[in-house]
Amino acid sequence: MSHSPIQAVVFDWAGTMIDFGCCAPVLALREVFAEAGVEITEAEARRDMGRAKRDHVRALLAMPRVAEGWLARYGQSSNEADVDRLHDAVEPKMRAAARDCSTLIPGAAELAAGLRARGVKIGSTTGYTRPMMADILPLATDQGYAPEVVVCAGETAEGRPSPLMMWKALVALGAWPARACVKVDDAVVGITEGLEAGAWAVGVSASGNGVGLSETALAALPVEERAARVAASAKALADAGAHYVVETIAELGPALAEIEARIARGDRPV
């Protein structure tokens with residue numbers, strides 16, 4: 001088996017490697033806002049997916065409709081103390097929801113094992129905090145997926161779309177140059193993270209937040225509707241600058257083979 005010219009692949013978690021449909025954060029965020037007396041829709045919960053959860057809460061509170069609802073409920077606009085309170089409430093709910101939505105997406109373990117067999121280092125970044133990941137990591141290991149490095153929200157000065165988590169992962173892996181590394185993510189902010197880090201970026205269109213449906217629910221859609229929803233998700237990722245877009249992690253192999261060929265001939269991910 002040939003040694004790969006790719007130094008490292010850094011994967012996102014929810015919607016990319018686990019939790020088909022990226023459902024856990026939506027459940028947790030909607031529950032916390034409902035308990036605070038300001039309901040949010042699923043679409044609102046999904047709009048800033050991929051950001052660190054504190055940034056995500058802040059973005060939700062800044063949405064005009066949510067801001068108006070907060071003002072009506074509390075008689076004043078939200079502030080950083082409210083961000084802290086909601087984030088602290090989200091964390092245990094996210095941990096529970098993430099534990100319940102921790103099934104690996106089909107093909108994830110096999111893909112990672114194949115890469116590792118060819119000398120590729122495996123890292124990960126996530127918008128989840130370390131406590132939110134506490135139950136996921138052993139469950140993923142039990143299913144055959146254990147990246148060498150996990151960088152969580154709050155462990156760098158800024159989260160996505162900044163490249164800091166990606167860089168931290170590459171430093172920990174000892175992987176360089178970034179132009180020989182790949183970021184794989186289902187969220188636009190994760191694609192930006194990879195590009196800003198100087199790496200190749202591959203979007204995952206069907207299993208992530210862009211469609212936002214479980215594997216069963218997606219399969220149950222009429223063919224035309226399924227195709228339209230996946231195409232819209234793919235377009236958003238491509239528009240963000242993804243070099244390649246695949247439906248799920250199971251189809252990543254050919255895109256990585258093309259990236260290998262491009263690295264071998266000296267192409268850069270500009």
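Visitor: How are H1 and H5 oriented to each other, roughly parallel or oblique?
Guide: Keep in mind that this is a predicted model. The axes of H1 (residues 24-35) and H5 (residues 80-100) come within 8 Å and cross at roughly 140°. Angles over 145 degrees would count as roughly antiparallel. H1 and H5 are therefore oblique.

Visitor: How many residues in the contact of H1 with H5 are charged?
Guide: On the H1 side the contact includes Glu31 and Glu35, and on the H5 side it includes Lys93. The residues of this contact divide into 12 nonpolar, no polar and, as charged ones, 3.

Visitor: Which orientation do H3 and H5 have, oblique or roughly perpendicular?
Guide: H3 (residues 53-62) packs on H5 with the axes 9 Å apart and an angle of about 125°. The roughly perpendicular range is 65 to 115 degrees. H3 and H5 are therefore oblique.

Visitor: How many charged residues are in the contact of H3 with H5?
Guide: H3 contributes Lys53, Arg54 and Arg58 among others, and these meet H5 residues including Glu80, Asp84 and Asp88. The contact divides into 6 nonpolar, 1 polar and, for the charged group, 6.

Visitor: Is the ring pair of tryptophan 13 and tyrosine 145 stacked or tilted?
Guide: Tryptophan 13 is in the loop between S1 and H1, and tyrosine 145 is in the loop between H8 and S3, 132 residues apart. Both residues are buried. Their ring centres are 5.3 Å apart and their planes stand at 55°, so the pair is tilted.

Visitor: Which residues are linked by ring pairs into a cluster?
Guide: A search of the whole structure gives 3 aromatic pairs. One of them joins tryptophan 13 and tyrosine 145. The cluster linked by ring pairs consists of Phe11, Trp13 and Tyr145.

Visitor: Is tyrosine 74 buried or partly exposed?
Guide: Tyrosine 74 forms a tilted pair with tryptophan 70, at 4.5 Å centre to centre and 35° between the planes. The two are 4 residues apart in H4, and are therefore separated by about one helical turn. Tryptophan 70 is buried at 2% relative accessible area. With buried meaning under 20%, tyrosine 74 at 32% counts as partly exposed.

Visitor: What is the relative accessible area of serine 124?
Guide: Serine 124 lies in S2 (residues 121-125). Leaving aside neighbours within four places in sequence, serine 124 is in contact with residues including Phe11, Trp13 and Tyr145, the three that ring pairs link into a cluster. Its contacts also include Val149, Val150, Val151 and Ala169. Serine 124 is buried, with a relative accessible area of 0%.

Visitor: What is omega for the peptide bond joining tryptophan 176 and proline 177?
Guide: Proline 177 lies in the loop between H9 and S4. Another proline, proline 161, sits in the loop between S3 and H9, and the bond to it from arginine 160 is cis, with omega near 15°. The bond joining tryptophan 176 and proline 177 is also cis, and its omega is about -5°.

Visitor: What is phi of cysteine 22?
Guide: Cysteine 22 is found in the loop between S1 and H1 and counts as buried at 3% relative accessibility. Aspartate 19 is found in that loop too, with a positive phi near 55°. Cysteine 22 is not a glycine, yet its phi is positive, at about 55°.

Conventions. Residues numbered from 1 in each chain as written. Predicted model: local features only at pLDDT ≥ 70, side-chain atom pairs only at ≥ 80, totals over all residues. Heavy atoms only, no water. Axes fitted to C-alpha atoms, helices over the stretch in contact; angles between N-to-C directions. Parallel < 35°, antiparallel > 145°, perpendicular 65-115°, else oblique. Contact = heavy atoms within 4.5 Å. Nonpolar A, V, L, I, M, F, W, Y, C, P; charged D, E, K, R; others polar. Phe/Tyr/Trp six-rings, centres within 6.5 Å; stacked < 30°, edge-to-face > 60°. Buried < 20%, exposed > 50% of the residue type's maximum accessible area, 1.4 Å probe, protein only.
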